[in-house]
Amino acid sequence: MARAKKKTAAPPAVVRHRPKVVRAVDGTGTVYRLVCPCGTTGREWYGRGPAQEELERHLAALPVVPAAQQCQAPRRHDRRAWEPCLVCELQTALFDLEVAR
Ligand SMILES: [Zn+2]
Ligand SMILES: [Zn+2]
């Protein structure tokens with residue numbers, strides 16, 4: 001396995017995973033394909049089902065969000081279940097400080 005460069009600081013731009021299945025028409029018919037803003041694209045399928053399965057596999061492969069980073073207000077913070085929320089993490093940290101006192 002290639003060793004990825006590790007950053008100690010939080011990366012400034014968080015890659016967002018908002019995968020969706022897009023439909024396109026090629027020479028042979030309608031094809032479905034998974035695309036995600038992170039750069040992941042699936043292969044072309046002639047049905048939506050397998051593309052949707054790829055989408056679910058993509059989300060399942062993402063790292064689990066630590067409890068402290070789980071968003072308590074996903075709508076307000078524009079977060080999905082698989083995205084860590086730094087706003088909530090900060091609030092939780094502050095809360096813990098209050099409790100510890
Ligand atoms: Zn992605
Ligand atoms: Zn949040």
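Glu-44 counts as partly exposed because it has 15 C-beta neighbours inside 10 Å. A residue is buried if 20 or more other C-beta atoms lie within 10 Å of its own, exposed if 12 or fewer, and partly exposed in between, with C-beta atoms placed from the backbone. Glu-44 sits in the loop between β2 and α1. This is a predicted model, in which local features need pLDDT of at least 70, side-chain atom pairs count only at pLDDT 80 or more, and totals for chains, interfaces and linings use all residues. Residues are numbered from 1 along each chain as its sequence is written, while chains are lettered from A and ligands numbered from 1 in the order in which they are written.

**Around Glu-44**

- Leaving out residues up to four places away in sequence, Glu-44 touches Val-31 and Arg-33. Two residues are in contact if their C-beta atoms, placed from the backbone, lie within 7 Å.
- Val-22 is 22 residues from Glu-44 in sequence, and their C-alpha atoms are 9.8 Å apart in space.

**The whole chain**

- The protein chain has 3 helices and 2 strands. Helices (H or I, at least four residues) and strands (E, at least two) are DSSP runs, numbered from the N terminus.
- Along the sequence, the pattern is β-β-α-α-α.
- The protein chain has 101 residues, and buried ones make up 11% of them.
- Take the contacts in the protein chain with a separation of 6 or more: residues 24 or more positions apart account for 16% of these.

**Confidence**

- The mean pLDDT of the protein chain is 86, and 82% of its residues reach 70 or more. The term pLDDT stands for the predictor's confidence in each residue, from 0 to 100.
- Where pLDDT is low, the predicted coordinates should not be read in detail.

**The two strands**

- β1 pairs with strand β2 (residues 29-35) in the antiparallel sense, over 7 bridges. Two strands pair if DSSP finds at least two bridges between them.
- A hairpin of 2 residues joins β1 to β2.
- Val-25 has Thr-30 in β2 as its bridge partner.
- Asp-26 has Gly-29 in β2 as its bridge partner.
- Gly-29, in strand β2, is exposed because it has 7 other C-beta atoms within 10 Å.
- Gly-29 and Tyr-46 are 17 residues apart in sequence, with 7.6 Å between their C-alpha atoms.

**Helix α1**

- What are the buried residues of α1? They are Ala-51, Glu-54 and Leu-55. They cover an arc of only 100° around the axis, so they are on the same side of α1. The arc is that of the directions from the helix axis to the C-beta atoms.
- An α-helix has 3.6 residues a turn, so residues three or four places apart point the same way.
- The buried residues of α1 pack against β1 and β2.
- On the face turned away from the buried side, α1 carries the exposed residues Gly-49, Glu-56, Arg-57 and Ala-60.
- The 13 residues of α1 should span 18 Å at 1.5 Å a residue, and this agrees with its end C-alpha atoms being 18 Å apart. The expected span is 1.5 Å times one less than the number of residues.

**Toward the end of the chain**

- Asp-78 is in the loop between α2 (74-77) and α3. Asp-78 counts as exposed because it has 12 C-beta neighbours inside 10 Å.
- Asp-78 is not a glycine, yet its phi is positive, at about 55°. Most residues other than glycine have a negative phi.
- Ala-93 lies in helix α3. Is Ala-93 buried or exposed? Ala-93 counts as exposed, because it has 11 C-beta neighbours inside 10 Å.
- Ala-93 and Ala-68 are 25 residues apart along the chain, and 8.1 Å separates their C-alpha atoms.
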